[in-house]
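Have the sequence and the 3D view ready as you read.

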Amino acid sequence: MDDITNEQERSPGKIEKQPWQMTKTEYEAKFGAPRGNSTVTGNFSKHKSSVEIALNRGLKVPQEVLEDYPDLKDL
Amino acid sequence: MALHPNFPESPYAILDPTIRWFPADETLRNTSFEKLLPPLVPELRKQVKKFRDSGYESATQTSKSLLNWWFKTPHLVQKADSSSEFKYFFSQREALETIIYLVDVMKVKDKYDLIRFDNSGAVSANMFDETWKRFVVKMATGAGKTKVISLALAWSFFHKLYEENSPMARNFLVIAPNIIVLDRIYKDFQGLRIFLKDDPVLPHDGFDGREWRSDFQMDLHIQDDVHVTSPVGNVFLTNIHRVYSGNDIHASPNDENSMDYFLGPKPANATTDSNLDLSKVVRDIEELMVINDEAHHVHDPQNAWFKSIQDIHNRLQQKGTALSLQLDVTATPKHANGAIFVQTISDYPLVEAIKQNVVKHPLVPDGPSRAKLTEKKSSKFTEKYSDYINLGVIEWRKAYEEHLKLDKKAILFIMTDDTKNCDDLAEYLENTYADLKGAVLVIHTKNNGEISEASSGKNKEELDRLREQANTIDSAESPYKAIISVMVLREGWDVRNVTTIVGLRAFTAQNNILPEQALGRGLRKMYPGNIQEFVSIVGTPAFMDFVESIQQEGVELERGPMGSGSQPRTPLVVEIDSENKKKDLDNLDIEIPIMTPRIYREYKNLNNLDVTKFGHKPVGYQDFSDEEQREIVFKDITTGNITHTTVLDASGLIDFNSVAGYFTQSIMKDLRLVSGYAILYGKVKEFISSQLFGKEIELDTPNTVRNLSEVEATRTIIETFKKKINDLTVQDKGDAEIRDYIKLRNTRPFIAKEQGFIVPKKSVFNKVIGDSHLELEFSTFLEECEDVISYSKNYLAVHFKIDYVNADGDISNYYPDFFVKVANNEVYIVETKGLEDLDVPLKMFRLKQWCEDINRVQKKIKYDFVFVDQESFEKYEMKNFKQMVENFREYKD
């Protein structure tokens, strides 16, 4: 995944962004708004989940993506 | 029947099948055998033991790698100022080993393959309702079922990914029986944290030549928020009520077992889009494993849950595949008639979990205590049962006071018989007991445990609030100290702090509740570690009879005095004796300076390792036959256990890099190095190619790899590198500065296992516990010394340690035993020693150095040390501490 990030930095237009590299707006524009009505504590969204997974992997999530989820900044 | 006398207390100890619990003969006469023991488990345990002892012979390479990683590789967990080792319980290990054994070695495909493990002769094919592979793992409440789920999931994923013709799957449907359990699983799966952060589920990239973490690509879908973008790597996590298969399978009244407290909406019909449509899920994927948590609901082939899984299997079959496995995990895999699910392959019963302190010990009132309790002749519920309620409150209060010292809030849990009585009881408690005013949470359920607006008269917001409060009641922020409910909360309610259960209702067969489920909410441990904890259970005779029936499953209920005047059964709490007016804590307090570390490791020096100057004894290079070269087994050089296996593939190609990587990781692990892998890897390679055998050799040949697996070669590489790295990188700064001070009276309370202790007059602590009899005797000696103002054991909670270089040349931490204050400006650090220890001279050298350092940088207090060996201490009677200092001179000069 690091390679993809580097590739992204070298030629931004070439590699498609991964969900965790998109802002929430970009993600929903591409994949649609959250479906169903999740009832787990804290609620769930696929985009947030992909960002959280990326952070737990140690990937460099763009700052503008993290702005959508202040509670993930400590991860 | 009690457990075997050799049954170990450690939950990590490997359990021999011969010492596992089984019901005694007298129990068998009264209770059918099939209700107590899963029929396949005894034989499976024996076979899995052989499998384990063989080093997992015949398992796939993927399985072996994972088993070795999880259960044979130490995993260090970094905490704030220390690190500790994480280990899986043996019960978790055995569950995984059994699953892998059945799939890899026995190649079990269906019930007929499973029946082969039945030695009782009682199992027949018609006891299995399903036509797909289904395993049930039975583990007591609180024993860590979620970790088993995470390991099984990861294993299935990698097995399918790496092994040709694997029957497993890389997509997973994880089903919870209700939203409470779903919430609990979601906490661990959120952000895939259990895989990526919390637990060592995934080996690091490079382990055994695989890129595990990089290859583990998984997408999480919760309830009906499903968007499948890849045919593999999907976890669908949901509660059963959100599942339907698109075939109009509606919940029936008989589904009450699957519809418990805090429900989400009932399964909707096919025209609603607010459910997880399995038909769409299955349409997008070719492989799937189903995992059911708290799976005792899945027993009835007529219920919607079973039918949903059956439908998945059928749909996959239509596509030419099949459901790879249904894995059910539960503490109580029992049918309505009490018979255990015949598919149970692994069992860690409650009696064993209690013995190993994995769960709390249940405690019931003894005879005299019960004799004081009577049901009053009154139609008013609270009057009728006032004795039992009062006893429950008394016991809860005792626990509450003790646990408060450790910042934990003990919870009282009361079960009543109907919702009106719930409300009356809440009012009674709040009006009668001042400490429960505004602190009682009432949960209304229907008789079957379902919470709904009709039963409670509450709207959805209120229900969500109740659910949130019940889930957070453990925390200090929650005002609630007691919970009242009609229905026992059977599973999923992850409240740890229940210390007292009061049962004011009888349970009949119609209630379909098991004793373990009734106790279950009070069994989870409050504190980490192997400390013994208790849950007190009081109640009406009918309730107590019901609870005591758990003795048939081997659980021994401890009986003790309860009521006013009896002592609380709580863990041993060691704390500052602030309440003791006879103690002058200012005078007794001892101040200990914290120095900056003197010993450190200079990582950049790894570059300076010169493998040509190691000075080791060369290892002979042997010529092995083709057959000997085929399977190459690396063994741990100290234990002889197999740690790593490389099997040559058909072409005979060998990846030497994997072998060099293995050695590099072993060295780094032993030395706890956190960086320098690339440099060290190069050095290891260079050493092997030109120095190890005393000559240049070719690296990438089977014969070389075979030579490297010999114990002498393995030991030479690892031990030589360790010594040389330590020589090169471990540095002594030469001096140290004072960084901070510790005052003993600021030590936070901590719990300790039950053991002997003394009640000191000359210590700030309320108790002095000792790791050995010598320490307690020494403490008694200090109490009696007139020239000792105060003393204290150096508990871990004090956080005082000194860095030193141990016998292996490694950096380690030394914890001296005692502090002794003989004057306001004179303190001694005392080491008491009974057993031989290679590190003692090194520790004492460092302690002497520490005293010199501290005395050089400050003059306010003089610090000195004394080494007290057991033999001399017992032989020579010292009159006072000064005499001891004058006579015990070892390591002083």
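This is a predicted model: local features need pLDDT of at least 70, side-chain atom pairs count only at pLDDT 80 or more; totals for chains, interfaces and linings use all residues.

Residues are numbered from 1 along each chain as its sequence is written, chains are lettered from A and ligands numbered from 1 in the order in which they are written, and side-chain values use heavy atoms, leaving out hydrogens and water.

Start with the largest nonpolar core, which has 114 residues. Such a core is a set of buried Ala, Val, Leu, Ile, Met, Phe, Trp, Tyr and Cys residues joined through side-chain atoms within 4.5 Å, where buried means under 20% relative accessible area with a 1.4 Å probe, protein chains only. The residues with the most contacts inside this core are B:Trp70, B:Phe135 and B:Phe195. Helix H6 of chain B (residues 145-162) gives the most to it, with 10 residues; helices are DSSP runs of H or I with at least four residues, strands are E runs of at least two, and both are numbered from the N terminus.

Apart from this core lies another, of 58 residues, including B:Val574 and B:Met878.

Now look at an open sheet of 4 strands in chain B, in the order E29-E32-E33-E34 with mixed pairing; two strands pair if DSSP finds at least two bridges between them. E29 (790-793) and E34 (862-869) of chain B stand at the edges, each with a single partner strand, so one side of each has no neighbour in the sheet. E29(B) is joined by 4 bridges to the antiparallel strand E32 (residues 818-823) of chain B, and B:Lys793 has B:Phe818 as its bridge partner there.

Key:
Buried means under 20% relative accessible area, exposed over 50%, partly exposed in between (1.4 Å probe, protein chains only).
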